[in-house]
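Dear colleague,

I am passing on the structure we spoke about, and my notes on it follow below. Please read them with the model open beside you.

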Amino acid sequence: MEANIEMFEAQVHILKHAYNYVNSMVLATAIQLNIPDIIHTHGKPITIPDLVSALKIPPQKSNAVYRIMRLLTHNGFFDSTKLNEEEEEDGYVLTASSRLLLKSQVPNLSPFALFTVDPVMLAPWKVLGDWFSRNEESSAFETAHGAPMWEFCDTNSRFNNVFNEAMASDSQMMRLVAKDCGQVFEGLSTLVDVGGGTGTITKLILEAFPSLKCTVLDLPHVAAKQQDCQNLRFLGGDMFHSIPSADAIMLKHIMHNWSDEDCLKILKKCREAISEDNKNDGVKKGKVIIIDMVLGAEKDNEAEDITELKLMFDVLMMVLHSGKERTEKEWERLFIQSGFTHHKITPIFGLRSLIEVFP
Ligand SMILES: C[S@@+](CC[C@H](N)C(=O)[O-])C[C@H]1O[C@@H](n2cnc3c(N)ncnc32)[C@H](O)[C@@H]1O
């Protein structure tokens with residue numbers, strides 16, 4: 001009997017993982033239909049008939065809407081409350097997660113959630129099995145699309161926009177960096193955000209430190225679309241060739257895109273770019289600021305969800321770029337091999353950590 005129970009539990013386990021994509025797709029559908037914003041605008045718990053009428057879809061679809069809402073409510077994206085005891089009518093309200101998906105608010109993670117299920121992002125998974133027996137491409141993304149992701153972005157402006165909007169929406173979450181980690185930026189006069197995309201995080205840092213002179217370095221096709229503003233200039237270039245000199249060089253979600261060999265090249269370029277102390281010839285006074293994940297914090301009672309998500313990101317980075325997520329030991333090895341002397345890790349963003357690396 002016990003063996004049977006174990007087998008049925010195993011079946012549930014397998015099916016739950018095999019059908020995980022249902023959760024991703026239902027979430028994306030709710031965003032496409034604008035359901036979080038409709039509930040927000042409604043201003044009180046919304047019934048299914050009211051939701052169907054706001055969605056402007058045929059009433060025959062009511063039951064389909066109800067079933068999507070039931071799953072999303074189970075998954076914590078909405079809450080339901082009884083509106084009327086006799087009629088047993090449910091009204092749906094937002095939760096902390098769906099409030100983060102409101103297109104009318106900042107931060108809004110909808111562009112990120114839609115980007116994850118974009119056909120360009122899904123295609124590499126279909127060829128992942130084949131990629132294991134091939135030597136030609138460094139990532140399954142390249143097997144699927146014939147070019148590494150950054151080259152693909154250069155020639156596909158639709159996906160380039162989807163990607164940049166997703167990164168910018170995620171960066172809005174980093175308001176906390178400037179607020180809670182203010183001391184990290186204190187005393188700096190200049191900052192270069194390497195691979196800084198649309199400059200979202202640099203603009204947030206500038207709100208808190210308006211006299212900081214900032215440069216966002218990114219590939220020419222990304223930088224060309226951005227507008228300089230006070231104390232912020234966009235520079236098209238290649239971090240493997242040259243990084244402008246500054247007191248601090250920031251790399252947010254850059255290193256996990258690259259192999260150890262490439263990260264060493266980037267870190268050596270960063271070390272060259274860090275300003276020297278005017279009063280102390282040849283002595284570097286600046287630092288590198290890395291915002292990325294650190295694997296292995298589960299030792300310190302990290303939540304199960306966060307550990308799983310970090311491991312998922314690690315595989316994602318392998319599939320998209322031949323990159324990886326790193327343990328503290330792996331980070332340390334890279335810092336020492338590229339000539340840095342010490343580092344400090346501050347794990348503050350749930351998933352991400354802020355790592356200061358000193359020459
Ligand atoms: C994962 S995104 C991170 C964007 C931004 N830092 C953020 O967190 O929102 C990586 C960025 O690196 C840029 N990038 C890729 N290769 C680069 C290179 N060789 N030189 C400069 N930037 C590069 C990409 O264009 C992209 O904007």
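Predicted model: local features only at pLDDT ≥ 70, side-chain atom pairs only at ≥ 80, totals over all residues.

Five residues of domain 1 are in contact with five residues of domain 2, contact being counted if the C-beta atoms of two residues, placed from the backbone, lie within 7 Å. On the side of domain 1 that touches domain 2, four residues are nonpolar, one is polar and none is charged, where Ala, Val, Leu, Ile, Met, Phe, Trp, Tyr, Cys and Pro count as nonpolar, Asp, Glu, Lys and Arg as charged, and the others, Gly among them, as polar.

Residues are numbered from 1 along each chain as its sequence is written.

Around the ligand there are 18 residues, of which Met-167, Gly-195, Gly-197, Met-239 and His-253 come nearest; a residue is near if its C-beta atom, placed from the backbone, lies within 6 Å of the molecule. Two or more residues of this shell come from each of helix 12 (157–172) and strand 4 (213–218), and helix 12 gives the most, with three; helices (H or I, at least four residues) and strands (E, at least two) are DSSP runs, numbered from the N terminus. By class, the shell has eight nonpolar, six polar and four charged residues.

With regards
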